[in-house]
Amino acid sequence: MIAISTLTEVKLGHRAWPIAVAESGHIAALSKDGSGTLLAPDHTTCSAFRLKHEPSDAALSPDGSLLAVTMRGKLALLSTSNFGAVHRLDDSLECSCFGSTGILWSASRLDEDSFVLEISEPEAWNVVARTELKDPFGDSMLKILPHPGGKYVAVFVAAGQDGQHLFWAHRHGAKIVVVDPFPDVDAIKFPSFSPSGDSFVTICEESEIRLYGFPRGPCHATMQWPSDGMDNQIGDFAEFVDSSRALVTDLDNGLHLVDLRKMAVADEVTFCRESRFGSKIASGQREKGGPSPDLVYFGRLPAGGFFSIHRDQSPLRGAGNHDTIRTWRVPA
């Protein structure tokens, strides 16, 4: 068993979803009630802000200076210096993602069976490239994810039990070139790209970990999750640690280290219950007693290491209305 020591820890005064991470290391955590917190790259300095409506998606520009928030089908670009709006888009928007050069990718729905991908350039935010895509399931959830090389984005289309698809897209002048849905998968989770960007790992068919070459394959390796009946079922998230290791969750939100060379679980990962420091409290939330918060989400940081979201499961009255953000590393 690998015990992870927390590097930084911030207790929020609200829940944390959606989450956005910038190449600079900034982390933005938003909640359905409109509360938000921006963590500086040191992951301890916090700035609180409020949104007028419930956010459904968020993205940070590469330098962390702009926050794109989708609310009620509209997208607001906020300056993270004062959280004032600098631009708005009003086209039935569902999600967005910044490219490494600062361009903004966005997806908006035309109707239940189709959606539009667009690229807007900074400053004026004029649309400079556009393409229409068919929704393979109809009225699906859309999410745009960046590729580490900066050229591509992944478009994740999910329709629950009906299935999921991945598209790759990149800009070619005034056009957006879209690769057909990734073959050989009908039930796939979010992809995690290797540090070099030439492969990705994902969870498929509810019980397999697969390692693919990018962008068109092939499938390099497959691992069947070693489930014990209804216990220890595979979860929804997989992330590269380095070129040969990945972290995978189970449905109990446990973390497991997978050796991608052997395609086998190498160890279980746990968090040290005692921190070396007192938690920093954000947004006026008083620290309460009770059990350690439980892991609900984790992701990779651009400069290395990970962040994770932990939920207070204390039975005390008033508990459970805030999350904690931790940063940490997996030992070499």
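Trainee: Is Trp328 buried or exposed?
Mentor: Trp328 is buried, at a relative accessible area of 0%. Buried means under 20% relative accessible area, exposed over 50%, partly exposed in between, using a 1.4 Å probe and protein chains only.
Trainee: What kind of model is this?
Mentor: A predicted one: local features need pLDDT of at least 70, side-chain atom pairs count only at pLDDT 80 or more, and totals for chains, interfaces and linings use all residues. Residues are numbered from 1 along each chain as its sequence is written, and side-chain values use heavy atoms, leaving out hydrogens and water.
Trainee: How many aromatic pairs are there in the whole structure?
Mentor: There are 17. Rings of Phe, Tyr and Trp (its six-membered ring) pair if their centres lie within 6.5 Å; planes under 30 degrees apart are stacked, over 60 edge-to-face, the rest tilted. One of the pairs is Phe298 with Trp328, with centres 6.5 Å apart and planes at 35°, so this pair is tilted.
Trainee: Where do those two sit?
Mentor: Phe298 is in strand E28 (residues 294-300) and Trp328 in strand E30 (residues 323-328), so the pair ties together parts 30 residues apart in sequence. Strands here are DSSP runs (E, at least two residues), numbered from the N terminus.
Trainee: And how is Phe306 arranged with Trp328?
Mentor: Those rings are stacked, 4.9 Å centre to centre with 15° between the planes. Phe306 is buried too, like Trp328.
Trainee: New topic: which residue's side chain does Thr8 contact?
Mentor: The side chain of Thr327, through a 2.5 Å polar contact. That term means a pair of N or O atoms within 3.5 Å; within protein, one must be able to donate a hydrogen and the other to accept it, and residues adjacent in sequence count only if both atoms are side-chain atoms.

Conventions:
Helix = DSSP H or I, 4+ residues; strand = E, 2+ residues; numbered from the N terminus.
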